[in-house]
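Please look through the sequence and the structure before reading on.

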Amino acid sequence: MSAFQLHLGDALRVMPEIESGSIGAVVTDPPYSSGGTHAKDRAKAPMDKYISNENHHRYAARPFLLGDNRDQRSFTTWCTIWLLEAYRILRETGYILAFTDWRQLPAVSDAIQCAGFVWRGVIAWDKTEAARPPHTGYFRHQAEYVVWGTKWKCLRADGRGPFPGVIRERVDSANKKHPAQKPVGLMRQLVRCAPEGEAILDPFAGSGTTGEAAILEGRPFIGIEADPAWHQFANDRLLTAASA
Ligand SMILES: C[S@@+](CC[C@H](N)C(=O)[O-])C[C@H]1O[C@@H](n2cnc3c(N)ncnc32)[C@H](O)[C@@H]1O
């Protein structure tokens with residue numbers, strides 16, 4: 001396999017084409033369908049839910065997040081459907097790592113277990129005190145979370161890990177192009193759960209951060225992105241990473 005393959009399309013349509021038992025880890029950051037307590041809040045444009053007003057100008061010319069408008073029950077069901085495919089595609093020793101925020105954490109941990117995975121924990125991504133400032137009287141929303149599990153047993157024999165349970169890495173605002181873009185340093189730590197040489201799959205690839213991290217860490221990458229503009233952006237980024 002070449003350093004990366006990046007598919008344009010809906011994850012639910014592309015994942016069934018991937019061979020069973022062929023992937024070392026699914027490391028992904030799906031749309032959160034979060035941003036409010038009530039249906040009315042969640043139905044707002046993602047820009048208004050997730051990006052503070054003073055940063056709107058950074059994203060004005062770009063398309064925004066597809067698939068971020070599910071209500072609570074359909075979000076859990078949709079996650080279970082793609083996680084069932086992830087389960088089939090993973091090797092017996094494979095890992096599932098899925099990002100979420102505090103509000104959707106219970107839905108994602110439920111869906112991971114519904115799909116058959118052994119739920120093993122939650123990694124905290126500490127965005128540092130530079131994270132979006134809170135309202136007066138609030139505890140700072142300083143972390144996002146990675147729900148992780150395995151298809152079956154955890155690989156212990158090869159001596160890798162233990163991997164960090166808290167990763168402190170600030171958002172790289174200067175280089176952030178996608179509104180939900182994660183720092184490469186964060187993703188590099190996560191993709192190391194798969195042994196070197198085993199493929200990493202991200203069915204919601206966005207700007208391609210997981211792919212860049214996988215390439216830098218010596219793991220082949222398969223990505224899927226439904227938005228043509230982000231697919232193009234990620235493809236260019238991964239070509240650069242693979243040729244460096
Ligand atoms: C949270 S973002 C991922 C951001 C990424 N981690 C990064 O660092 O750039 C989720 C991505 O999933 C894409 N997406 C939404 N629904 C999808 C679907 N059904 N199939 C494939 N991609 C989808 C969105 O267009 C968006 O770019």
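### Terms and the values behind them

Q: Where is Thr 128 found?
A: Thr 128 is found in the loop between β4 (118-126) and β5. Helices (H or I, at least four residues) and strands (E, at least two) are DSSP runs, numbered from the N terminus. This is a predicted model, in which local features need pLDDT of at least 70 and side-chain atom pairs pLDDT 80 or more, while totals for chains, interfaces and linings use all residues. Residues are numbered from 1 along each chain as its sequence is written, and side-chain values use heavy atoms, leaving out hydrogens and water.

Q: What is the phi of Thr 128?
A: Phi of Thr 128 is near 75°, a positive value in a residue other than glycine. Most residues other than glycine have a negative phi, and most peptide bonds are trans.

Q: Which residues does a cis peptide bond join?
A: Gly 161 and Pro 162 are joined by the cis bond, with omega about 5°. Pro 162 has its place in the loop between β5 (143-150) and β6 (166-168).

Q: What makes α4 oblique to α5?
A: The axes of α4 (residues 72-89) and α5 (residues 105-114) come within 8 Å and cross at roughly 40°. Axes are lines fitted to C-alpha atoms, for helices over the stretch in contact, and angles between N-to-C directions run from 0 to 180 degrees. Angles under 35 degrees count as roughly parallel, over 145 as roughly antiparallel, 65 to 115 as roughly perpendicular and the rest as oblique. That makes α4 oblique to α5.

Q: Which residues of α4 and α5 meet, and how do they divide by class?
A: From α4, Gln 72, Phe 75, Thr 76, Cys 79, Thr 80 and Leu 83 meet Ala 107, Val 108, Ala 111, Ile 112 and Cys 114 of α5; contact means heavy atoms within 4.5 Å. These residues divide into eight nonpolar, three polar and no charged. Ala, Val, Leu, Ile, Met, Phe, Trp, Tyr, Cys and Pro count as nonpolar, Asp, Glu, Lys and Arg as charged, and the others, Gly among them, as polar.

Q: Why are α7 and α8 called roughly parallel to each other?
A: Helix α7 (residues 209-216) and helix α8 (residues 228-243) pack at about 10°, with their axes 9 Å apart. The two helices are therefore roughly parallel. The contact is made by Thr 209, Gly 211, Glu 212 and Ile 215 of α7 and Arg 237, Leu 238, Ala 241 and Ala 242 of α8. By class, four are nonpolar, two polar and two charged.

Q: What makes α6 oblique to α7?
A: Helix α6 (residues 184-191) packs on α7 at about 60°, with the axes 8 Å apart. That makes α6 oblique to α7.

Q: Which residues surrounding the ligand are the closest?
A: Of 21 residues that surround the ligand, the closest are Ala 11, Asp 29, Ser 207, Thr 209 and Glu 225. A residue is near a molecule or strand if one of its heavy atoms lies within 4 Å of it.

Q: What distances separate Ala 11 and Asp 29 from nitrogen atoms of the ligand?
A: A backbone N or O atom of Ala 11 lies 2.8 Å from a nitrogen atom of the ligand. A polar side-chain atom of Asp 29 also lies 2.8 Å from a ligand nitrogen atom.

How values were computed. Polar contact = N/O pair within 3.5 Å; in protein donor to acceptor, adjacent residues only side chain to side chain.
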